[in-house]
Amino acid sequence: MILYACALGLCLAAALVALLPPRAITVVAEVITALAGVVAAVAGVRATLGHGWSAWLPDLLPLGGLRLALDPLGGLFTAITGAVTVCAAIHGIGSGAARATRAVMPLFVAALLLVPAADSVSTFLFGWELMAMTSLLLVAAEHRDRPSVRKAALWYAVMTHLGLVTIMCGLCYLAAGATGDGFDQLRAAELSPAARDVIFLATLAGFAAKAGIVPLHVWLPRAYPAAPGHVSPLMSGAMVNMGVYGVVRVGLDLLRGGPVWWWWIVLALGALSALYGVLHAAMATDLKRLLGYSSTENMGLVLIGVGAAGFFAADGAGPLAALALTAALLHVVNHAAFKTLLFQAAGSVQRATGTRDLDALGGLRTRMPYTTALFAVGALCASALPPGNGFVSEWLLLQSLIHALPASGVAGAVTMPLAVGAIALTAGLAVATFVKAFGVGFLARPRSPGAERAVESPRTAICGTALAAAACLVLALDPALVLPALTEAVTRVIPADRPVTGEVTLRLSAITGSISPVLIALALAGAVAAVLSLVRVVAARRPRRPARLWDCGAGPVSARMEYTATSFAEPLQRVFVDALQPESAIDVTAVKESAYLVQRVRFRARVPDRVERRLYEPVLAAVVRLGAQARRLADGSVHRYLSYGFYALTGVLIVLAVIS
């Protein structure tokens, strides 16, 4: 508890220091925030290993006071948040962010630490709202410089607070059926099946919105590009995890599991989000938007594991449920590591070139060699290819679903193969996505003046990014390192005394073993080094010759001859044209003298978000029309306004009379 209190105190101290007049002292705020992340990570690791604690501070909040308790499940998410905070704070030292941004960021970290430690409904909702408000301030931090930030902040504000409303309704309904709002009292509550269904569905909607799950994901590809460079890693690597934490905490812990159809919904939402997210990531040309849709994809994979765990637990297969939830939580850890790395590298690219458009980038391999190498590590991990850490958790998730087929009955025999197919297709599309991002953005020739003038990031930014890359490598080479913490977190919500059908053995090899990740990494590294050496030797011996006849005298390849992100994704767009429904337009401008002579041809193509187009735009249009009609009610007549109050009061009295 002392370590946790120190982390919160350091966050508050960093916020106060950032508000002091001298601008140079804001660097001290980033250092204090990084130190708070270290302390929080240590406190979280201790909680996952069984050193939990609880505290009640009755005077800090109205109603029930501030109730805190850090168990292994909350400790896991606290440790992840602390580790991401360290990387983001170090990366942000050289970012040149505004003083207000540096002051709000420690408060955002404090809110992220408060949510998994909450032990009552009032404390949880307070931490959730604090997290929503501070993240909203960070998303809108650059609204004066970029007009698009205002629209992104508005979308984020609406979606996050609608999610808060549904969570509040569900948890308050749960607390109304218990003897208090403490989590221990909620676990002991006896509720009807209908009440449990309503509570789960209401909270699932709010938590899915925070995790960026389809169809509640529309804020995510807007907010991530709008946030400052060192804030996006915190949002993607730590904040979206709280949606997963909420589903696990409420569904598997407070409600003690539920019927199978609950987890069918979770699994279906996860599969839909994984496929939808990776498809739009493959089509995106904005680097941060691509990474945002990738977060939707990975959170979808996590929910597949959570849904499978709930399905197996409801079916009485305790070991299979534990295996699926272990795979899901391991992917939460891995996603936090490689997405922090990728967003920090993307932030460095944006600062160096002034753009996030992959079609305008290229040539960064020679101008930003360290950032290029670090992004390559993150792209390998996010592609779920060995020896990346994403491969370990996705492979474990696949194994948990495949091993369930013989013992999961008819429902599992239908559901699990579909989930396996969704994961396999997602993994293949993720490879294409990050080959496009890395190859077009870093290895191609520069296609804009900003890319030609790019310089390497400051040392502090490189150090923060390298720290995230080191975490990815450690998790890839020794995934068993986090297994004790995951085991404690899983057994907290899936006790061993549940009915067991069948046996499952889990073994993650480390330095020794027939399929050791270390041996795979060494073999791949040796093969890559040998191929590169051979190519270099052949290229050195090959004599330089003049342009040949069949290249039409064009000479060396120029930037206009290479693939852009749009052209690279065009074959995939053709394959999934029915799902994506891309839009294109051709504008032909004729010369003044004759309509038959063309002066300019302009081609525009984009892939709109179909969920936003079909679901949100009609609702927004209806709201606008309703608002226009409602203006007639405010005509300036005092008599009409008094009549509104009279009719409202009369209606309330009638309702009270009927109820009583």
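**View 1. Strand S4 supplies the largest share of a nonpolar surface patch, three residues.** The patch covers about 510 Å² and is made by Ile586, Val588, Val598, Val601 and Phe603. Strands S3 (583-590) and S4 (598-606) are the elements that give two or more residues to it. Val598 sits in strand S4. Val598 is partly exposed, at 48% relative accessible area. Buried means under 20% relative accessible area, exposed means over 50%, and partly exposed is in between, with a 1.4 Å probe and protein chains only. Patch residues have over 30% relative accessible area and no salt bridge; like charges are joined within 9 Å, and nonpolar side chains (Val, Leu, Ile, Met, Phe, Trp, Tyr) within 5 Å. Accessible areas come from the Shrake-Rupley method with a 1.4 Å probe, and for residues only the protein chains shown count as cover. Helices (H or I, at least four residues) and strands (E, at least two) are DSSP runs, numbered from the N terminus.

This is a predicted model, in which local features need pLDDT of at least 70 and side-chain atom pairs count only at pLDDT 80 or more, while totals for chains, interfaces and linings use all residues. Residues are numbered from 1 along each chain as its sequence is written, and side-chain values use heavy atoms, with hydrogens and water left out.

**View 2. Arg187, Asp253, Arg492 and Asp71 are among the residues of one salt-bridge network.** Side chains of opposite charge can pair when their charged atoms come close. A salt bridge is a side-chain nitrogen of Lys or Arg within 4 Å of a carboxyl oxygen of Asp or Glu. The whole structure holds 13 salt bridges.

Asp71 and Arg492 form one of them, at 3.2 Å from N to O. Asp71 lies in the loop between strand S2 (66-70) and H3, and Arg492 in helix H21 (residues 483-493), so this pair ties together parts 421 residues apart in sequence. Asp71 is buried, at 12% relative accessible area. Arg492 is partly exposed, at 30%.

Arg187 pairs with Asp253, with the closest N and O atoms 2.9 Å apart. Arg187 is in helix H7 (residues 183-187) and Asp253 in helix H11, 66 residues apart. Both Arg187 and Asp253 are buried.

Arg492 also forms a salt bridge with Asp253, the closest N and O atoms being 3.8 Å apart. Here helix H21 and helix H11 are linked by residues 239 apart. The relative accessible area of Asp253 is 5%. Shared partners join Asp71, Asp184, Arg187, Arg249, Asp253 and Arg492 into one network.

View 3. Most residues other than glycine have a negative phi, and most peptide bonds are trans. Pro215 is in the loop between helix H8 (193-211) and helix H9 (220-226). Pro387 lies in the loop between helix H16 (369-382) and helix H17 (389-402).

**View 4. Ala384 and Arg256 have positive phi values.** Ala384 is not a glycine, yet its phi is about 60 degrees. Ala384 lies in the loop between H16 and H17. Ala384 is buried, at 12% relative accessibility. Arg256, also not a glycine, has a phi of about 55 degrees. Arg256 lies in the loop between helix H11 (241-254) and helix H12 (260-283). Arg256 is partly exposed, at 40% relative accessible area.
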